[in-house]
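Student: I have a model open and want to go through it piece by piece. Can we start?

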Amino acid sequence: MSSLLKISVSVLFIFFSLTASGGDPYRPSAGAGEAGTGYVCIMKNGFWSSFHNQATLAYNNSFSFGFNYQNRFNISELGTRSLGLIIPAGKASLGAVYSHFGYTDFKRDMTGLACGMKLSNKISAGLQVDYFSERTSGEYDNIQSLTCEAGLLITPSENTRIGIHIFNPVPNSLRKTFLPMSVRVGAGTYLNKSLFAGVEAEMSSGSRLIVRTGFEYEAAKKFWLRGGFSTDNNSFSFGLGWLVKIVQMDIGFVTHERLGVTSSVSLIFKIR
Amino acid sequence: MNENEISNVQTFVPFAVKKGFSINSILLLLFITTPLFVNGQSEKLSETITEVAEELAADDSDPEAVSTFIERLQELAENPVKINFSIEEEISRLFFLSDFQVKALAEYVHNSGQIVSVYELANIPGFDRETAEMIIPFITLENKLVNNSDSARWRNSMISNLSLKSGNDDTSYLGSAWEILTKYKFTSGGFSGGFTMEKDPGEKLISGDPPLPDFLSAHLAFSGSGLIRRIIVGDYSARFGQGTNINTGIRRGISLTTPGYMSASDEIKPYTSTEENKFFRGVAAQFSAKNLELSMFFSKNYSDATIASSSGSENNYIENFYLAGIHNTPSLLNKKDAVSNLAYGISLSYNIDNLKVGLVWSENRLSLPVKITGNDPVKIYDFTGDKNCLYTIYYNSLVKKILLFGELTVDDNNKHAFVQGISFRPSDRLTINFLFRNYNPGYTTFYGQGPGTGSKTTNENGVLENFTFEAARHLFISGGFDIQHSPWLKYRCSAPSWGVRQEIKVRFLPSEKFSVDASYNYRLSIADNAENQGIPDQEKLITRSFKASAHYSVQNNLTLGTRVDFKIVNPSGSTGMILFQEISYSFRKIPVTLWARYCLFNTDDWDSRIYTYENDLLYSYSIPALYGEGSRSYIMAKWKIRDFAELRIKYGITTKVTNGKSGENADEIKMQFRVWF
């Protein structure tokens, strides 16, 4: 009975907390830095951004890997652990990401293999193949799904960036289990050397339109302050990041008007 | 009317289908992989034009208006206007320009010489970048008059469309689910001709006696520059003045923020559309001598109608006209061409400097009388009898920067339609328009359409005001307000009623490659409250919508577009929203262009539905009404086969989500082959 209650609560929380997850609950909302800017990140370079929009992978020129932990509403059963890896390969970069959500009785895993490359000076594109697995204890069916996501990044000028990302553009008639589809479109600009601001719109099938804004300010050398706002549940977010030699540390917080605060922490290692 | 009925009548919402996965898979593969290797060029219509098309599609009262509008645009695209000839009549084919703009463009070419680049258009007085962008797809800068041997050469073009939509494969229909359209046209010197054949979904390919396609239209025309301006034998359309007497084309006053819809020039032109009831069939001629212009027409056409007979009598009468043009069941086929409509008339106009005055007389005779059945008070003013005669006087006058135009039409029953407008341009950056109309209840015109909000030129008084303003170098603001009053009852409103339309639109065009549009729309109408029993009371229906879109040409051959819509409907409070991303590309090495769109939508119900214009085949269109939750995507490819042929294929799919799970899928496939020789 306890397990059943936990499962119900978990599922309920997932659907109540889409803001905190940055969209639909199937994709991992990895990246404490991204959380700090309210997940306005599909047009911005960054380690975890590369898994929000694979086109930005093309701008990751160093071998790097990272860990992320997200503690949703301070409930350990709703925690998400993520691992990521980026390998530069000539004009392209390859990426891999793994994410685990849940606890013993309810688990949701995602594994993705991604590739991003520059098509021209202004355009880069990326593609990721995803495998989802959802396991529930007891008599519930386990679910597996294979899908993909793709993104474009356009840089009309040196300081301006436009990002477009489509998740799961696959007619659901092709699979047994339903996966939501989503589109994210955003634009951002460096207002000066230290300040980046962006706006993003996202819509998932079966959900309402979400508009987000966020900024990142380099307050000191290699030290960033971040903030953001999302129309979904009027969620505010803030965070900070610090790069020390090859290690970048980020923390981020996202509020929910009813459910409290989701905190994230991530470590990124840039080897070369 | 429930959702299904509405869909059957006028929308283009695809229905459920279960098809093989191969096409889906191809779509998926293309959708995912195309951004990686292609580049492109769009046949991009101005945002203003697509907005007008969407507005027309949303107008339940006039389901054919959007079809006519799109077909006129496509005719223009196929036969672009030669603006460098500096002939007002030719330029006025750009029907969305105001008289100001038509005259300004003709004068500019006359005084400054031929236009060598489309970028020059924005510098013409009365034009701006927004207008220039709007007309670019429909003009040519061709500046050579073809010599006699060239002009006498036969030029032929033929186009054939095949469309299949899920939901049209009802086995009770008489014919196949395919929609088929074929058009042929030739020109040789001043002569032209052609035919159009169409079969709607569910209709028989060949029917009737003699056996003919469900819709067949043909014409032969001669155009000259002397006394005889035009002679047409066969099917033709006509418009005189403001159209309250004769106008088988597009009605004016549709868009609040496109002032070009305010005025019009007279025309008789071959009919090449597929709307099955609103055109003339017979002979028409247009003569011109000095400042005098004379048009005469004679037509005997057949209209679809429901025929009934009085009890105890063998006298038949027309119960109502059937305008949908679909004949896919035996009962609908019985309505086809049930009554003949004899129409004839004369239009005479005279130009004195900046003043043009015209007179129009027309008469219609039906083979059977129209009778009102039942006691519905809505019908009290409806037309009865078998003859209708209309007399019109109209004028327009351009004095410096002020354009005045007006029209009065009176019918046999002394009911009148009156239009008066003024358009003035205090500066090159500002245009302001006012339009007043007064159409009596009971005023009847079979082939007329005056400016207004409704499809029928009757039972309406109203004032429309709008402006366009170039606020800054890259910033354009336009707005409009329309208030109309119906002094008598109308469909779904059992009391005199009124309505309001308001719109404000801002365009920002910082560069040739980038544009941002934002608009706010407000609509108020009065309708019966269907929930209450007994004598219905009325309630205000208020719709507010906000739309924002951006287009960006990354390269000459790659264009991206994004749009967000939000809509709220009161008193129900239902909301709707969409987000879509579209992309178009042309391959550099092969003559292939691709268009693709991915759209997610979420609306509470049918009332908060959102219409979205899609790229489509020539002489076909798609403006689906998106409602519920789900996604709509399509991909279309165009392959130009050397200089003599073109192939287009489009595949679209709508997926609905129900209770958080994938619901029904509805898909469609369209093909087009076009050849010219």
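**Strands in chain A**

Tutor: His100(A) has Asp109(A), in β4(A), as its bridge partner. Before going on: this is a predicted model, in which local features need pLDDT of at least 70, side-chain atom pairs count only at pLDDT 80 or more, and totals for chains, interfaces and linings use all residues. Residues are numbered from 1 along each chain as its sequence is written, while chains are lettered from A and ligands numbered from 1 in the order in which they are written.

Student: Which strands pair over 12 bridges, and in which sense?

Tutor: Strand β3 (residues 92-103) of chain A pairs with strand β4 (residues 106-118) of chain A, in the antiparallel sense. A hairpin through 2 residues joins β3(A) to β4(A). Strands here are DSSP runs of E, at least two residues, and helices are runs of H or I, at least four residues, numbered from the N terminus. Two strands pair if DSSP finds at least two bridges between them.

Student: And how many bridges join β4(A) to β5(A)?

Tutor: There are 13 bridges between β4(A) and strand β5 (residues 123-136) of chain A, and these strands run antiparallel. They form a hairpin with 4 residues between them. Leu113(A) has Val129(A), in β5(A), as its bridge partner.

Student: Switching to chain B. How many helices and strands?

Tutor: Chain B has 9 helices and 33 strands.

Student: Which of its residues are buried?

Tutor: In α6(B), the buried ones are Asp99(B), Phe100(B), Gln101(B), Val102(B), Leu105(B) and Tyr108(B). Their cover includes α5 (88-91), α7 (129-135), β17 (385-399), β18 (402-411) and β19 (416-427) of chain B. Just after α6(B), Gly113(B) takes a positive phi of about 90°.

Student: Next, how many residues of chain B are in contact with chain A?

Tutor: 30 residues of chain B are in contact with 30 residues of chain A, contact meaning C-beta atoms, placed from the backbone, within 7 Å. On the chain B side, α2(B) gives the most, with 7 residues. By class, that side has 17 nonpolar, 11 polar and 2 charged residues. Ala, Val, Leu, Ile, Met, Phe, Trp, Tyr, Cys and Pro count as nonpolar, Asp, Glu, Lys and Arg as charged, and the others, Gly among them, as polar.

Student: What does Phe601(B) touch?

Tutor: Not counting residues up to four places away in sequence, Phe601(B) touches Ile578(B), Ile610(B), Leu626(B), Gly630(B) and Arg632(B). The C-alpha atoms of Phe601(B) and Glu629(B) are separated by 5.7 Å, although the two are 28 residues apart along the chain.

Key:
A residue is buried if 20 or more other C-beta atoms lie within 10 Å of its own, exposed if 12 or fewer, and partly exposed in between; C-beta atoms are placed from the backbone. Two residues are in contact if their C-beta atoms, placed from the backbone, lie within 7 Å.
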